Amino acid sequence: MKRRLAVAGISLAVVLGCGTLPAVAAGSVPTADTTLSAAPDVDVTEVKAHLNELSAIAGRNGGNRRSTGQGYDDSVAYVKGRLQAAGYTVTEQPCTSGCTSGAGPNLIAEWPGGDAGNVHMFGAHLDGVSAGPGMNDNGSGSAALLENALTLAQQNPTMRDRVRFAWWTDEEQGLNGSDFYVRSLSSAERARIKAYYNFDMVASVNGGYFINHITSSAAAPMKAYWDSLGLQPEENTEGAGRSDDYSFERYGIPTSGYAMGAGARKTSAQAAKWGGTAGRAYDPCYHSSCDTLTNINTTGLDRASDGIAYTIWQRAVDTGDGGGGGDCDTTGVVANGGFESGTSPWTGDTGTIGAHSGGSAHTGTRFAWLSGYGSTRTESISQSVTVPAGCTRAALDYWLHIDTDESGSTPYDRFTVKAGGTTLATLSNADAGSGYVRRSVDLSAYAGRTVTLTFTGSEDSSLQTSFVVDDVTLRND
């Protein structure tokens, strides 16, 4: 689809209000919030039992669980056996390109039930380095994830959305297993993944409490849980681009996750806030032979495990209130979302809106066409909306057609959705397809707030990419 007419971009402006869970003393169990109490308490003793088994597997296989060794294959067999016994649909995915020669498979497990069009994915790398058994890196994330999966199966709640778990191969050699997984998905399959949550080193003995993309919508439940414990978490700057969440980020899938730190050193301010030793590495045994069962922070492991459960329950479990918990009538919250009634109340570059020659609507006759010039250009439009206070779950749905003259998977031209200054989704020319695809971003964190959402299309200096938007609605899911 070539751009013929000058059009402006789409931006929905969102003014964020205040509102967080009340903080309680660190280490106590939050009880004031009904959603917090609905999520189960994951037994850290059981999480440590999985660590014990992973340690024993390493001990039987040369002291490590590297991706190309029997220790990794035995780790896969252990996790797979527990998941299958619990009722999961489990798949071993061989990594047929991009992985180290001889690397074992990814392990993917999906819980039956919930809307398969809305997938919330939780992952951790199962492999370790050759130097040691890898109990914190990343037995801790793998074990916490496994016990959460088993807890979900044991509780067997009514699911609103779909939950998918993954244990990745060959992370230590370059994020290779997760990269292969995301590369192998179609654009439609990627669009179904509403967020990916990563857990890498969640039991560092001198650790801190770090969250990936802490201000993002995806991170909201993870931050809410740790806030409720008074932990004052920080952005995971050390881990940026260094774990499997980056594989998903590269394809525009929202990500978050917990970490407690690797080889970087704790600051004096962090030691004052969290305890531990300033000037010492978060994990003094990072990538070393001493990363054994004695290198585990049980308190941190417990807090991460319970935060994962809280996130699963908030994002995907039907808590019995129809996704609302009060008045959550989303009808008409987004006005003129199909662009059929002129341009009002949209503001900004409203020339993007119309029945443009060379393009087509998803429904009706009008749409918003961002970019498509084949030259450097950025366009946006805006609309102020108020997410009803009773919406425990709220999603902004929109239909997007991406057409491009670019080739390959390099993202030259980009489309973003923002709430205020927070980017909720990023897509690019690499996501182009033959027609409209329904996409959504989570606005649950903005319930009770007046919010400015921003759709933006931007191009580099050559080869057009068109981002065509239609049928924007707020959904109570």
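This report describes an annotated domain and the disulfides of a predicted model.

## Annotated domain

The UniProt record, an unreviewed entry, carries the annotation "domain: Peptidase M28" for residues 106-311.

## Disulfides

Two disulfides are present in the structure. A disulfide is a covalent bond that links the sulfur atoms of two cysteines. One pairs Cys95 with Cys99, and the other is formed by Cys285 and Cys290.

## Cys95 and Cys99

The S to S distance between Cys95 and Cys99 is 2.0 Å. The torsion about their S-S bond is about 85°, and the disulfide is therefore right-handed.

Both cysteines fall below the 20% limit for buried residues: Cys95 is buried at a relative accessible area of 15%, and Cys99 is buried at 18%.

## Cys285 and Cys290

In the disulfide of Cys285 and Cys290, the sulfur atoms lie 2.1 Å apart. Here the torsion about the S-S bond is about -115°, so this disulfide is left-handed.

The two cysteines of this pair fall into separate accessibility classes. Cys285 has a relative accessibility of 12% and counts as buried, whereas Cys290 has a relative accessible area of 32% and is partly exposed. The value for Cys290 lies in the range between the 20% limit for buried and the 50% limit for exposed residues.

Definitions and conventions
Residues are numbered from 1 along each chain as its sequence is written. This is a predicted model: local features need pLDDT of at least 70, side-chain atom pairs count only at pLDDT 80 or more; totals for chains, interfaces and linings use all residues. Side-chain values use heavy atoms; hydrogens and water are left out. UniProt positions are given in the numbering used here, feature names are shortened, and annotations may be inferred rather than shown by experiment. A disulfide is a pair of cysteine sulfur atoms within 2.5 Å. Buried means under 20% relative accessible area, exposed over 50%, partly exposed in between (1.4 Å probe, protein chains only).
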